[in-house]
Amino acid sequence: MSDYLIEARGLSKHFPIRDGLFGRSTGQVRAVDGVDLAIRPGTIFGLVGESGSGKTTVGRTLLGLQPKSAGEIRFRGRDLATLSKPELRALRPRLQLVFQDPYGSLNPRIPVGEAIGEALLEHGLSSRDELRERVLEVMAVCGLAPYHYGRYPHEFSGGQRQRVGIARALALQPDFIVADEPVSALDVSIQAQIINLFAELRERHGTTILFISHDLAVVEHLCDDIAVMYLGKIVETGPRDALFGQPRHPYTRALFSAVPVADPDARRERIVLQGEPPSPAAPPSGCRFHTRCPQASDRCRDEEPTMRPLDGTHRVACHFA
Amino acid sequence: MTTLILRLFGQRRRAEQLAGRLAHAHSPLAEALRRLARNRLAMAAALFLALLVLLCLIGPYFSPWRNDATDALMINRPPSASHWLGTDFLGRDVLTRLLMAGRISLTVGFASVVLSVAVGYTLGALAGYLGGVVDLAVMLLADLLMTLPSLPLLIIMGAVLSELKVPPDYRIYLVMVILSLIGWPTLARLIRGQVLSLRERDFMLATEVLGLSTRRRLFRHLLPNTVPLLIVVATMGVANAILNEAYLSYLGLGVVPPTPSWGNMMDTANSLIDFQRRPWLWMPPGLAIFATVIAINLLGDGLRDALDPKMKP
């Protein structure tokens, strides 16, 4: 057994670009390109990055919802690729996903009580008699009332639906949850409640969570470890305090300098990046960030930086950091 | 039915309550029924259709005439107190025949849609869900059938039936099969498209995350979401099938005498004398076809608006 609940090595996911009459592959979108991740049990791991950096793809590939192009995923030390289909299905309840969109992720024709409970029956984790009891329990944990049981998704607000989505994942008592931007579709006041719900899960049940977000304030508040993604690669990773205290990668610095501070007198350097992120279908040579990096040199254009350990688990992929 | 009657007497509240109790109180289906109950035009159309069906079913029993009883002394008589819609060239009562024809035309329309739904829905759903070669084969066949202009095709098939000397009793079943052959490709295409788009929705990915069985994913999650579309398309399909049956029978290639149908009753309009002097022979079936098709389409529009407000053009 390793120290990590879930580990990914060199994880890649490339999507072919199909074109023409016969759908020939004319290129690849390298959504995720060689990502290493290791998440300790009972912690919340934050994955941050701008839109299109491959965060969602990392989450879904980790759960085996999409076949990976390369690399290795180990859950409790077991390589997921070696599992047969029935074994993988039996493992499903252990690995859960909370969706970003609380509207699209619930079937409009299924009452929420059934939506939360159906997988319990399906995997034989509950008998028919105690099902209702179990579902109501988990609904209570997520802040839903018993009278919500027979209601349909369209009768709920966005925040309540997100609670249903979380309850659906929690009912299976998973070891690992990928929360894919679970609060970005919600009002700020509701966001706080949902975030606290995740924090509570970690304290009470020791659930391990991969928390995908582009909201740095949320990640700083919630996560134990953080990884920053840019264009399909992790550029910097480490414990929260190390990362927020001393960001080393120029991209991380630029990102963190954009976090608003609740002090009107604070004057900070605001790093504004120039240009748009390049297309993951044609990533730049060398360091992928060199086209926008304020410190880029010739070396960055030619040579791709590898992940270097700094102190402890803090690691960075930059020639100059 | 009760809903309809309550609605008619202005008891909207009670009608809606009843509609709510029919399905689960707040299910999308119950809410759709409530929306439908508020649509006056659609409810009027539904009521008209219900009355028409009722009339065709029990009307002939109250008629003093048998639909195939000829009377050599009462040929081509205009409407009178004893024959409300007059008599035809064999002295048969037009009203009684109209109602009997209604049974046939409605049955043919309805049954052919049930058939084409059975074929079209199954093939469409399979094509959408399985994709690949199945999808390609089904869609190729559907496209092929859709490219053939339906009227000439119907005429050719009707002519073949006539040539084979199929007895009139059997013919109506064959007409149903022919009509469903024309009807299924449209339905299959629509259902396939719906399944394709549903498959990509987050809640279908959720069923995979939860590790649900294929059976449950298909029959509890995917297919129930295609039912609104199915209801709407099938309803409109009945109108189409009734029209197609009328074309065929009018041309003498569908339901053939002595079995009455609205289409073959219109046949009398082919004769100049009947057309000019004896409108009671062809106007009633013409109006029946017209009113039925309009009513079904209005009901279909109402259903579409009620089931999925987003589908509204």
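A charge is taken to sit over a ring if NZ of Lys or CZ of Arg is within 6 Å of the ring centre and within 35 degrees of the ring normal. Arg132(A) meets this rule: its charged end sits over the ring of Tyr149(A), 4.2 Å from the centre. The model is predicted, so local features need pLDDT of at least 70 and side-chain atom pairs count only at pLDDT 80 or more, while totals for chains, interfaces and linings use all residues. Side-chain values use heavy atoms, without hydrogens and water.

Rings of Phe, Tyr and Trp (its six-membered ring) pair if their centres lie within 6.5 Å; planes under 30 degrees apart count as stacked, over 60 as edge-to-face and the rest as tilted. Five aromatic pairs are found over all chains. In one, the ring centres of Tyr230(A) and Tyr251(A) are 4.6 Å apart; the planes stand at 55 degrees, so this pair is tilted. Tyr230(A) belongs to strand β9 (residues 225-230) and Tyr251(A) to helix α9 (residues 250-256), both of chain A. The two tyrosines are 21 residues apart, and their pair links distant parts of the chain. Helices (H or I, at least four residues) and strands (E, at least two) are DSSP runs, numbered from the N terminus.

Buried means under 20% relative accessible area (1.4 Å probe, protein chains only). Tyr230(A) is buried, at 1% relative accessibility. Tyr251(A) is also buried, at 1%. Phe244(A) and Phe256(A) form a stacked pair, 4.3 Å centre to centre with 5 degrees between the planes. Phe244(A) lies in helix α8 (residues 240-245) and Phe256(A) in helix α9, so the pair ties together parts 12 residues apart in sequence. Both phenylalanines are buried. Tyr230(A) and Tyr251(A) also form one aromatic cluster with Phe289(A).

Key:
Residues numbered from 1 in each chain as written. Chains lettered and ligands numbered in written order. Buried < 20%, exposed > 50% of the residue type's maximum accessible area, 1.4 Å probe, protein only.
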